[in-house]
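Reader: Hi, I'm new to this one. Can you walk me through it?
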Amino acid sequence: MLRDILVIAISAIFIENFVLVKFLGICPFLGVSKKIQTAMGMGMAVTFVMAMASALTWCINHFILQPCGLDYLQTIAFILVIAALVQLVEMFLQKMLPGLYNALGIYLPLITTNCAVLGVALLNIQNEFNLIKSIVYGASAALGFTLAIVLFAGVREHLEFSEIPEALKGFPIALITAGLISIAFLGFSGLQI
Amino acid sequence: MHILIPVVALGAIGLVLGVLLAAASKYLSVEQDERIGQIEEALPGANCGACSYAGCAVLAAAIAEGKAPVNACPVGGAKSSEIIAGIMGVENSPAAENVAVVMCRGISGAAQKKYLYEGFEDCDIANRLAGGGKACEYGCLGLGNCVRVCQFDAIKVEDSVAVVDPEKCTACGLCVAACPKKVIHLVPKERQYTVRCISQDKGAQMKNLCSVGCIACRLCEKACRFDAIKVKDNFAIIDYDKCTDCGKCFEACPKKIIYKKELPNEA
């Protein structure tokens, strides 16, 4: 059991990194990665949402959808749960951490449409994980997202001070960087576990 | 009957989440300056960004905090600034209302063509091809970048020149920024006269390029008794701080490129 969990966590963080290998959740990855601090905040918010969403969607799927034979409602039911969760996180941050709330700005409500969150909920079902494995998978996939976005933000902070050809300034160089990091992460696919 | 099961199941999930959120919003509610909501209502709500804030809600917050003046919204004009001044309890000082004017009347018959442009309907792209299809490199290209950015439906392209409807124009400045030729200027709304050419070509050349181009003859400059119209860089420009709307320059212009508002060809 413990071994399984470790395998799930490591593969979700490194080998099948959601952003860099599966290409899910690219919008916040590019949008909120200008500063390490906000990237970290976004990563934490996504981690919370994804872990909670994994647990909730598993419960909903296991106790409501499957017994009623409503498997086909997965997508819409999960979107409902995720939207409500994000709303909750937004209210929580506005109350408790207004600084982070302002820094995340529009990208916070956009977690609702972050396909990584819906992706993890659907992948949990597809991989036939149980509740604990689902939560571990969701949390570690989000940690992988956090790792990717923080790494990327670190590189982008350095890019601010480098001499970049005029045509590549801003987003073009960010996209090239993202591609290079993605290629680097492909190296993990050789890991045997 | 079968359709009821998914409806009830999904409805129940939604209801439970809704109740949860309602409870959370009560528990986690943040005390917000109630003026922000009132100010936002007084703003036009177009989210055009003309105030340089990221939208009406952000501007409302800035006004409430005193970071932005009550007349910061150029679109709402005097009307909204008055309401906002009332909410904030400060004296209202309405900003001078402007209107955007396309400083070119080089319609297809008047302006000569350099080449036949058949590319994308985009001024920016045309401008990169040797400055666009018109012989005069300062004129309106008429491909409608301004039309596309205007959120108030105030600009139309007529006969390959953009025309602003002063009734609809709110002087938000989006078209001014979008124009690659910088041919759209903001002028005070109450002023009558505008010089519709900004070509810096010399008079002799201009005659060959466009029949409604300013030839820098300086007759308007001589006619003006208030020192308000000046020829600089080979085109006449009105200093609206000095202009008194007397109309002498309008009468003097041999090329008829000084336009008066009420005239029908002004549009």
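Predicted model: local features only at pLDDT ≥ 70, side-chain atom pairs only at ≥ 80, totals over all residues.

Reader: How many helices and strands does chain A have?
Author: Eight helices and zero strands. From the N terminus on, the order is α-α-α-α-α-α-α-α.

Reader: What share of chain A counts as buried?
Author: 47% of its 193 residues. There is also a figure for contacts in chain A between residues at least 6 apart in sequence: 77% of them join residues at least 24 apart.

Reader: Switching topic. How many residues of chain A are in contact with chain B?
Author: 18 residues of chain A, and they meet 14 residues of chain B. Leu80(A), Met91(A) and Lys95(A) supply 33% of the area that chain A buries against chain B. That is more than any other three residues.

Reader: What is the area buried between the two chains?
Author: About 1,400 Å² between chain A and chain B. Carbon and sulfur atoms give 89% of that area.

Reader: How many salt bridges does the rule find across that interface?
Author: Zero between chain A and chain B. The rule also finds zero residue pairs in polar contact there, with both residues required to be at pLDDT 80 or more.

Reader: Which elements of chain A give two or more residues to that side?
Author: α3 (36-65) and α4 (74-96) of chain A. The largest share comes from α4(A), with 12 residues. By class, the side of chain A that touches chain B has 15 nonpolar, two polar and one charged residues.

Reader: Is Lys133(A) buried or exposed?
Author: Lys133(A) counts as buried, because its relative accessibility is 18% and the cut-off for buried is under 20%.

Reader: Which side chain meets Lys168(B) in a salt bridge?
Author: That of Asp153(B), at 3.9 Å, N to O. Lys168(B) sits in the loop between β3 (161-164) and α7 (174-178) of chain B, and Asp153(B) in the loop between α6 and β2 (155-158) of chain B. The pair ties together parts that are 15 residues apart in sequence. Lys168(B) is partly exposed at 38% relative accessibility, while Asp153(B) is exposed at 54%.

Reader: And what about Asp245(B) and Arg191(B)?
Author: Their side chains meet in a salt bridge too, at 3.7 Å, N to O. Asp245(B) lies in the loop between β7 (235-238) and α10 (248-252) of chain B. Arg191(B) lies in the loop between β4 (184-188) and β5 (193-195) of chain B. This pair links parts 54 residues apart in sequence.

Reader: New one. Where is Tyr117(B)?
Author: In the loop between β1 (98-102) and α5 (123-128) of chain B. Tyr117(B) counts as buried, at 17% relative accessibility. Its side chain reaches the backbone oxygen of Phe120(B) at 2.8 Å.

Reader: What does Tyr117(B) touch, leaving out residues up to four places away in sequence?
Author: Asp122(B), Ile125(B), Ala126(B), Leu129(B), Gly133(B) and Leu143(B). The C-alpha atoms of Tyr117(B) and Leu129(B) are separated by 8.8 Å.

Reader: And which side chain does Asn145(B) join in a polar contact?
Author: The side chain of Asp122(B), at 3.4 Å. Asn145(B) is in helix α6 (residues 145-149) of chain B and counts as buried, at 11% relative accessibility.

Reader: Last one. Is Leu180(A) buried or exposed?
Author: Leu180(A) counts as exposed, at 55% relative accessibility. Leu180(A) lies in helix α8 (residues 171-186) of chain A. Leu180(A) and Leu20(A) are 160 residues apart in sequence, yet 9.6 Å apart in space, C-alpha to C-alpha.

How values were computed: Residues numbered from 1 in each chain as written. Chains lettered and ligands numbered in written order. Heavy atoms only, no water. Contact = heavy atoms within 4.5 Å. Buried area = accessible area lost by both parts, 1.4 Å probe. Salt bridge = Lys/Arg side-chain N within 4 Å of Asp/Glu carboxyl O. Polar contact = N/O pair within 3.5 Å; in protein donor to acceptor, adjacent residues only side chain to side chain. Helix = DSSP H or I, 4+ residues; strand = E, 2+ residues; numbered from the N terminus. Nonpolar A, V, L, I, M, F, W, Y, C, P; charged D, E, K, R; others polar. Buried < 20%, exposed > 50% of the residue type's maximum accessible area, 1.4 Å probe, protein only.
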